[in-house]
Amino acid sequence: MGFNASDTFSAFEESTYNATINSGILTLDFHQGQYAKVLLTENVTGINILNAPEAGTVGNMTVELTQDATGSSTFAGAFLTDSGAGVGVSAAANSLSLIALLTTDGGATYLGMSAGKAYAQ
């Protein structure tokens with residue numbers, strides 16, 4: 001079954017889940033959903049992304065990063081960014097930052113974009 005130019009979406013939803021950080025490694029999993037919520041309780045020094053869609057299809061995921069009450073946790077992601085500048089997260093306690101990830105090659109490479117930071121709660 002293919003998608004035709006005349007087809008329209010009547011509804012679209014993404015599943016959310018709580019992703020975990022273990023020893024600085026953030027694990028994201030496409031099988032759990034396309035919207036990952038992360039409580040930053042420690043610095044993120046690496047990312048492990050599981051179950052990316054197969055090459056030739058688009059896989060996208062939004063990652064919501066919320067600093068804990070202490071704040072100041074850092075985020076380092078291994079993906080391509082605009083001008084190689086990386087994506088930053090707000091360091092303020094309880095602040096929220098969003099990152100959008102995209103892959104078209106089965107997860108061999110990811111494009112990462114900041115979708116905003118320092119959202120107030």
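## Asn 51 and the β5–β6 loop

Asn 51 is partly exposed, because its relative accessibility is 36%, which falls between the 20% and 50% limits. This residue sits in the loop between β5 and β6. The model is a predicted one.

Pro 53 belongs to the loop between β5 (46-50) and β6 as well. Pro 53 has 25% relative accessibility, so it counts as partly exposed. Leaving out residues up to four places away in sequence, Pro 53 touches Phe 30, Val 58, Gly 59 and Gly 106. The C-alpha atom of Pro 53 is 8.2 Å from that of Thr 103, although 50 residues separate the two along the chain.

## The β7–β8 loop

Asp 105 is placed in the loop between β7 and β8. Its relative accessible area is 29%, so Asp 105 is partly exposed. Ala 52 lies 53 residues from Asp 105 in sequence. In space, their C-alpha atoms are 8.8 Å apart.

## Asn 94 and the β6–β7 loop

Asn 94 also has a positive phi, near 65 degrees, and is a residue other than glycine. The loop between β6 and β7 holds Asn 94. With 42% relative accessibility, Asn 94 counts as partly exposed.

## Overall fold and confidence

The protein has eight strands and zero helices. Read from the N terminus, the order of elements is β-β-β-β-β-β-β-β. Take the contacts with a sequence separation of 6 or more: residues 24 or more positions apart account for 53% of them.

The average pLDDT is 88, and 88% of the residues score at least 70. Strand β4 (residues 35-40) has the highest confidence, at 97. Confidence is lowest in strand β8 (residues 111-114), where the mean is 88. Where pLDDT is low, predicted coordinates should not be read in detail.

## The nonpolar core

Of the 121 residues in the protein, 33% count as buried. The largest nonpolar core has 20 residues. Seven of its residues touch the most other members: Leu 26, Leu 28, Val 38, Val 63, Leu 65, Phe 75 and Ile 99. Strands β3 (25-29), β4, β6 (59-67) and β7 (96-103) each supply at least two residues of this core.

What does Phe 75 contact, leaving aside its neighbours within four places in sequence? Its partners are Leu 26, Val 44, Ile 47, Leu 65, Val 87, Val 89 and Ile 99. Among these, Leu 26, Leu 65 and Ile 99 are, like Phe 75, core residues that touch the most other members.

## The surface

The protein exposes about 7,200 Å². Carbon and sulfur atoms supply 51% of that area.

Leu 80, Leu 111 and Met 113 make a nonpolar surface patch of about 270 Å². Met 113 is located in strand β8, the strand with the lowest confidence. Met 113 counts as partly exposed, because its relative accessibility is 40%.

Key:
Residues are numbered from 1 along each chain as its sequence is written. This is a predicted model: local features need pLDDT of at least 70, side-chain atom pairs count only at pLDDT 80 or more; totals for chains, interfaces and linings use all residues. Side-chain values use heavy atoms; hydrogens and water are left out. pLDDT is the predictor's confidence in each residue, from 0 to 100. Helices (H or I, at least four residues) and strands (E, at least two) are DSSP runs, numbered from the N terminus. A nonpolar core is a set of buried Ala, Val, Leu, Ile, Met, Phe, Trp, Tyr and Cys residues joined through side-chain atoms within 4.5 Å. Buried means under 20% relative accessible area, exposed over 50%, partly exposed in between (1.4 Å probe, protein chains only). Contact means heavy atoms within 4.5 Å. Accessible areas come from the Shrake-Rupley method with a 1.4 Å probe; for residues, only the protein chains shown count as cover. Patches are made of residues with over 30% relative accessible area and no salt bridge: like charges are joined within 9 Å, nonpolar side chains (Val, Leu, Ile, Met, Phe, Trp, Tyr) within 5 Å. A salt bridge is a side-chain nitrogen of Lys or Arg within 4 Å of a carboxyl oxygen of Asp or Glu.
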